[in-house]
Amino acid sequence: MNLLESFRNILINKEIRSDESEYILVKKGNQLHQILLFIIGFFSLFFCVYSLFFEEEFQFYLNLSLLPSILISYLLYKKKKTIASKVWNLINISIVISLHSLVRSPETYILTYFFPIFIGTLIVFQGTERRLGYFLTFITFLLFVFLETTGIRLGDYKVVSIESSKIEWILNISGAIIVTILEVIFILLINNRIQEKLIAKSNELIAKNLILESTIITREKVLSLLSHDLRSPIIVIDSGLEFLASDKADQTRKNALISELRKRTKRTINLMDNLLLWSRSQHDQIKYTPEIIELSNLSFIIKNINQIYTGEKSVQFEFHLPETGSIIGDKNLLEGLFRNLISNAMKFSLENGIISIEILEYDSEYTFSIKDNGVGMTQETLDKFTKGEFHTTIGTNKEKGHGLGLQLIRDFLHLHNSQLTIESEPGKGSTFSFNLAKA
């Protein structure tokens with residue numbers, strides 16, 4: 001991917017995230033609008049009852065007129081015509097409050113309801129509707145200023161009683177405060193939800209960045225292996241075959257060359273197998289398929305692997321494998337695991353060395369160990385393996401490493417709910433061990 005494509009993808013991702021943010025805000029605004037419809041309906045019914053109680057006929061019909069308006073607004077909302085529903089509701093509630101104000105204000109403080117209207121309008125018109133919300137809030141604010149400053153009144157209204165007037169302005173102030181508090185609570189809830197979504201998105205981006213870094217490391221490692229660790233032995237094999245095809249060498253030299261070519265071929269095949277397995281493991285394509293495996297079958301697999309290395313460095317193998325018993329595990333993964341452990345032990349064994357493979361039985365599990373008396377590892381090397389870092393060292397016969405073997409071993413053991421334990425000391429060899437559950 002070139003720089004231009006990367007920049008284009010960044011812009012596209014920003015547009016997608018922006019559209020998603022706008023969608024979240026519009027959705028939350030619609031939810032508040034629906035809640036406000038129910039609140040307005042409740043207050044309308046309450047003041048209808050109040051007007052009947054104090055025999056205020058004009059106030060009763062004015063409050064009652066809001067109910068069909070709210071129903072129309074709710075039906076528009078259900079038909080997904082949310083903008084029309086919001087505008088319709090704002091116009092009607094503003095008209096009703098204005099008429100109340102022209103008839104009753106300033107005695108009743110009905111104009112205090114404009115404050116939750118300002119807040120509600122700014123909240124319900126969000127996202128792509130934000131500019132419309134600003135415009136409608138401004139128009140409503142001008143209406144509020146007009147009613148508050150002009151002192152225009154409709155008719156010659158007379159207060160029924162000081163008591164009823166006092167009760168009404170207390171109810172109006174209390175109602176406006178309650179609606180405002182509910183809107184503020186809703187704003188806080190929206191803020192918390194958006195923050196949670198942003199945190200979730202941030203965590204998702206972090207996870208994607210980690211995957212991207214892992215992918216880049218994988219790509220670089222694969223390219224390095226293809227260009228060096230695979231290409232070099234294939235070139236040697238090609239040169240050796242070309243030499244064998246000629247008549248320039250006697251039979252003794254040819255036999256030695258054939259032996260060397262076989263070693264190179266085995267190592268190359270092992271590297272290719274590990275490379276394919278490791279590449280699949282990086283993309284979670286390796287599936288763990290547990291089954292009951294008899295230890296006798298596992299012993300057969302281990303001895304078959306050892307035959308590949310028979311004769312190399314004159315190393316002797318010692319087996320302490322029980323004939324009975326069974327474990328739970330994935331047969332294919334365990335075969336790859338033992339192949340890499342035995343290959344690693346052989347790599348760092350000295351001439352005439354000893355590799356011991358042992359299985360010990362305990363109450364609920366078996367402990368598997370592969371021990372060599374080779375060169376061992378320093379504490380620094382052990383620390384690198386413990387941290388899971390790629391680390392490659394040269395074997396006792398100049399064998400090149402690729403760092404994939406132990407990484408695969410860890411991955412395979414993780415699928416078996418186990419982990420690798422390494423004990424090593426320079427000049428005294430190493431012991432690699434792990435536990436598997438009994439069947």
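Residues are numbered from 1 along each chain as its sequence is written, and side-chain values use heavy atoms, with hydrogens and water left out. Because the model is predicted, local features need pLDDT of at least 70 and side-chain atom pairs count only at pLDDT 80 or more, while totals for chains, interfaces and linings use all residues.

**Exercise 1.** Determine the order of the strands in the open sheet, and state which strands stand at its edges.

*Solution.* Begin with the elements: helices (H or I, at least four residues) and strands (E, at least two) are DSSP runs, numbered from the N terminus. Two strands pair if DSSP finds at least two bridges between them. The open sheet has five strands in the order E2-E4-E5-E7-E6, with mixed pairing. Strand E2 (316-320) and strand E6 (421-425) stand at the edges with a single partner strand each, so one side of each has no neighbour in the sheet. E2 runs parallel to strand E4 (residues 354-361), and five bridges join the two; in this pair Phe317 stands opposite Ile355 of E4.

**Exercise 2.** Find which strands helix H9 and helix H10 lie across.

*Solution.* Contact here means heavy atoms within 4.5 Å, and angles run from 0 to 180 degrees between N-to-C directions, with axes fitted as lines to C-alpha atoms, for helices over the stretch in contact. Helix H9 (residues 295-308) lies across E2, E4 and strand E5 (365-372), and runs at about 175° to E2. Helix H10 (residues 331-347) lies across E2, E4, E5 and strand E7 (429-437), and runs at about 165° to E7.

**Exercise 3.** Decide whether Phe432 is buried or exposed, and name residues that it touches.

*Solution.* Phe432 lies in strand E7. Buried means under 20% relative accessible area, exposed over 50%, and partly exposed in between (1.4 Å probe, protein chains only). With a relative accessible area of 3%, Phe432 is therefore buried. State which helix gives the most to the lining of the largest cavity.
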